[in-house]
Amino acid sequence: MTATAKAVCEPRGDANRAQAVRLEDLPSALESNGTVLGNLVVDGRNNQGSYEELEGIVYVSGNLELSHVYGQDVLTNLGELKGVGGALKLVELTSVQDLSGISNLESIGYSLTLDKMHSLITLVGMDALQEIGCDLTISNTAGIRNLTGLEPILALNGSLELREIAGLRSLKGLENVATVETDVRMMRLYALPTLTGLGGLQSVNGSFHLVENSALFSTEGLGSLEEIDGDLILDRNYSLRSLAGFANLRRIGGSLIITENSALNELSGLDALRIIGGDLIVERNWSLWNVDALFNLQSIGGRIRFSENGEVQDVPPELSAMSHA
């Protein structure tokens with residue numbers, strides 16, 4: 001039994017408007033106060049200009065999507081932008097190395113997505129940003145080494161997803177995020193050794209996924225995390241040896257799933273855990289020999305399954321009586 005978090009945030013402004021404003025329409029669509037009503041979509045594959053039409057935009061009431069712009073930093077034309085009512089999506093802007101072009105941006109009503117930003121090496125530049133209304137997603141952006149620049153963000157009303165960021169070595173920049181309202185997903189971060197930078201995170205109201213992070217040897221850095229409403233999934237983190245970052249975790253509302261972490265030999269770090277609302281599944285952790293940290297559990301709401309775990313092949317008797325499945 002696994003738990004799936006439901007989104008608690010909705011697009012603001014005119015993000016759901018069907019009609020999109022195109023770059024060539026901007027001279028007539030831009031209102032005198034610098035507002036663009038509706039969604040603004042700029043696809044460089046359909047435009048070979050200088051993007052000077054973007055100058056003067058202060059607010060986009062819907063989504064702002066910029067994609068496939070090659071050979072120039074299109075963000076430098078958005079220096080007056082202060083707000084996006086919907087989502088801000090930046091995809092494959094190959095000459096953008098930092099985000100200083102949108103240094104006056106104060107709020108994003110829905111989500112911020114950075115995808116395939118191959119030249120981006122830092123998030124520094126969004127110094128005025130105070131709010132991301134829902135999700136933060138960074139993916140397929142190999143040059144980022146840390147998340148410095150996101151320090152003003154105190155909470156995410158949606159999800160945090162970091163995926164396939166080959167050069168990411170630190171989560172520094174997220175220290176002030178105390179709550180994530182839906183899921184945390186960290187997947188295929190091949191250079192990330194620990195979770196240092198998430199020290200302020202106290203609760204995840206969805207699920208927490210750590211999947212295929214081959215350099216991750218410790219969950220150190222999560223010292224304030226006390227509750228996960230959904231599932232905690234640790235899967236195919238082949239260097240993972242320590243769960244010390246979960247030292248204050250007391251409750252998992254969904255399932256605890258620990259699978260194929262081949263270097264993990266004990267579960268120390270989960271000693272404070274008292275409640276698992278769903279299943280407890282521990283499988284194919286071939287070096288695992290000690291699960292004593294789980295003996296402090298008081299309740300397991302679902303199935304208990306152990307298999308192919310080094311010296312712990314079967315469900316320990318200390319846990320078998322707790323299953324409610």
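What follows walks through the strands, salt bridges and surface charge of this structure.

The model is predicted, so to speak, from end to end: local features need pLDDT of at least 70, side-chain atom pairs count only at pLDDT 80 or more, and totals for chains, interfaces and linings use all residues. Residues are numbered from 1 along each chain as its sequence is written, and side-chain values use heavy atoms, with hydrogens and water left out.

Take the sheets to begin with. Strands here are DSSP runs of E with at least two residues, numbered from the N terminus, and two of them pair if DSSP finds at least two bridges between them. Five strands make an open sheet with parallel pairing, in the order E2-E4-E6-E8-E10. Strand E2 (35-36) and strand E10 (131-132) sit at its edges with a single partner strand each, so one side of each has no neighbour in the sheet. E10 pairs in the parallel sense with strand E8 (residues 107-108) over two bridges, and Ile 132 in E10 is the bridge partner of Ile 108.

Strand E11 (residues 136-139) has parallel partners too. Four bridges connect it to strand E9 (residues 112-115), and another parallel pairing, again over four bridges, joins E11 to strand E13 (residues 160-163). Ile 138 takes part in both: it is the bridge partner of Leu 114 and stands opposite Leu 162 in E13. As a general point, side chains in a regular strand alternate between the two faces of the sheet. In E11, Leu 136 and Ile 138 point one way while Thr 137 and Ser 139 point the other, and all are buried (under 20% relative accessible area, with exposed meaning over 50% and partly exposed in between; 1.4 Å probe, protein chains only).

Further along, strand E21 (residues 256-259) is covered on both faces, with Leu 256 and Ile 258 buried on one side and Ile 257 and Thr 259 buried on the other. E21 runs parallel to strand E19 (residues 232-235), joined by four bridges, with Leu 256 as the bridge partner of Leu 232. Strand E23 (residues 280-283) also pairs with E21 in the parallel sense over four bridges, and there Val 282 is the bridge partner of Ile 258.

Now for the charges. The structure holds 18 salt bridges, each being a side-chain nitrogen of Lys or Arg within 4 Å of a carboxyl oxygen of Asp or Glu. Arg 251 forms one with Glu 227, the closest N and O atoms being 3.5 Å apart. Arg 251 lies in strand E20 (residues 251-252) and Glu 227 in strand E18 (residues 227-228), so the pair ties together parts that are 24 residues apart in sequence. Arg 251 is partly exposed at 24% relative accessibility, and Glu 227 is partly exposed at 35%. Another salt bridge brings together the side chains of Arg 284 and Glu 260 (3.0 Å, N to O). Arg 284 lies in the loop between E23 and strand E24 (299-300) and Glu 260 in the loop between E21 and strand E22 (275-276), so this pair, too, ties together parts 24 residues apart in sequence. Arg 45 and Asp 43 meet at 2.8 Å, N to O, and Asp 43 counts as buried at 18% relative accessibility. A network of salt bridges links Glu 164, Arg 188, Glu 212, Asp 235 and Arg 236.
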